[in-house]
Each structure stands twice: as structure tokens, then as C-alpha cells.
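Welcome! Take a moment to look over the sequence and turn the structure around, then read on for a short briefing.

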Amino acid sequence: MAMIPGANQILGLRNAALVGVRYALVGVAGRFAAFAILVVFAVAGLGALLTTSAVAFEVVRWAGVAYLVWLGVTTFRNAGRGRDGASPAPADRLSVAARREFITALTNPKALLLFASFLPQFMPRDAPVATLALLAVVYIGVEALVALGYIGAGRALRFGGERLRTVRHRHMDRIAGVSFIGFAGYLAIARRP
């Protein structure tokens, strides 16, 4: 499940290919901070709320759709350049990486449903809450290995001269932008399990 390309995996690959491994790793740290929050929500019973409340599920789903559309449009529109046409300062870039991955993971219903509904299915009926937390930590470990694989693939794409890198940056941003919009479209038509 972790290997399936999703919004965070595409973002990690893009970050490594266009900005570098360090930037991508900081982004992944933001992703795992969001996952930690989702684990706390799952342990607190969010899964039960999402499966019993259509309103709660729809709020989460449409927040995810809105964020993915915004991320896709801005990534596509600003393809090949910084946000305002100039590159941000290095420290600012790192905080942007972490913030983007954090928000993408936190508003990604795939991740929310994974921690709140999917993982609890693998727990024995009367298992303590700590068992769910342990299962989530194991999944996050698997996700970390897969994220490193995507980052490695992104790093492998960093080759060639400056002109080739600029063209590749523009194309990769456009592909990422279209992918984010595609994920949003899929999420918009997805039905509650």
C-alpha cells in the first residue's frame, strides 16, 4: 500500500529531483509529523467517527480535494520557477518542504483512512490501544523505506547541464501539478467505504 504513488510520494520524488535530497528528506519529516497526528486521532477513535458520520468523512474528503487542487494548480502554474519567480532563501525552502508535505499528508484521506479504518482491521478484537499505535509505527517505518526509494528515484533524475535541468524542472512541475489535480479528481468521486 505504501508503494502506491500518492500525493506525498509524488511530492517527495519531485522535491528530490528538482531541489535535492536534503530538501526532500525535510519534506518527509513533515509528512511523518502529520502521520503522528493521524495515529493519535486513530487511537482516539477517529476511525469510528469516520465510518459512522458521513458529515465528518465528507469534511475530510473535501478539505483534501481543495488542498490537492490548490497544490496542483500552483505547482503547474509556477512550473520551473520559485513561487514569485525567484528562489526562496535556503532556510525558507526547507520550511516550505516540511509544510507542504505536512499539509498534504494531513489532508490526504488515503492516509487518514489508512490509520483510522484500515490498520484497526488487523488488530485482535480486545487488543489494547497500544497495539494500534505499534501497528501504525510499523507502517510508518515501511512508508519511510518507500519514501527513501522515491527520493532515490528523484535523485537519479538530477543529471545534465543547467539548461536541461531547467527544462526538466518545468516538465516535472507540470507533471506533478497534473498528478495532484488527478488525485483531487479521484478523491472527489470516491465514495465512503
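**A first look around**

Let's start with Arg14, which is found in helix H1, spanning residues 7–18. Keep in mind that this is a predicted model. From this residue we can move on to the rings and then to the whole protein.

**Arg14 and its surroundings**
- Arg14 has a relative accessibility of 9%, so Arg14 counts as buried, the cut-off being under 20%.
- Which residues is Arg14 in contact with, leaving aside its neighbours within four places in sequence? They are Val19, Thr75, His169, Met172, Asp173 and Ala176.

**Rings to look for**
- The structure holds two aromatic pairs. One of them joins Phe32 and Phe35 in a tilted arrangement, with 5.7 Å from centre to centre and 55° between the planes.
- Both Phe32 and Phe35 belong to helix H2 (residues 21–43), where they are three residues apart, about one turn of the helix.
- Are these two residues buried or exposed? Phe32 is buried, at 18% relative accessible area, and Phe35 is buried too, at 4%.
- At another ring, that of Phe76, the charged end of Arg174 sits over it, 5.9 Å from the ring's centre.

**The whole protein**
- You can find eight helices and zero strands here, and along the sequence the pattern reads α-α-α-α-α-α-α-α.
- The protein has 193 residues, and 43% of them count as buried.
- Taking contacts between residues at least 6 apart in sequence, 87% join residues at least 24 apart.

Notes: Residues are numbered from 1 along each chain as its sequence is written. This is a predicted model: local features need pLDDT of at least 70, side-chain atom pairs count only at pLDDT 80 or more; totals for chains, interfaces and linings use all residues. Side-chain values use heavy atoms; hydrogens and water are left out. Helices (H or I, at least four residues) and strands (E, at least two) are DSSP runs, numbered from the N terminus. Buried means under 20% relative accessible area, exposed over 50%, partly exposed in between (1.4 Å probe, protein chains only). Contact means heavy atoms within 4.5 Å. Rings of Phe, Tyr and Trp (its six-membered ring) pair if their centres lie within 6.5 Å; planes under 30 degrees apart count as stacked, over 60 as edge-to-face and the rest as tilted. A charge sits over a ring if NZ of Lys or CZ of Arg is within 6 Å of the ring centre and within 35 degrees of the ring normal.
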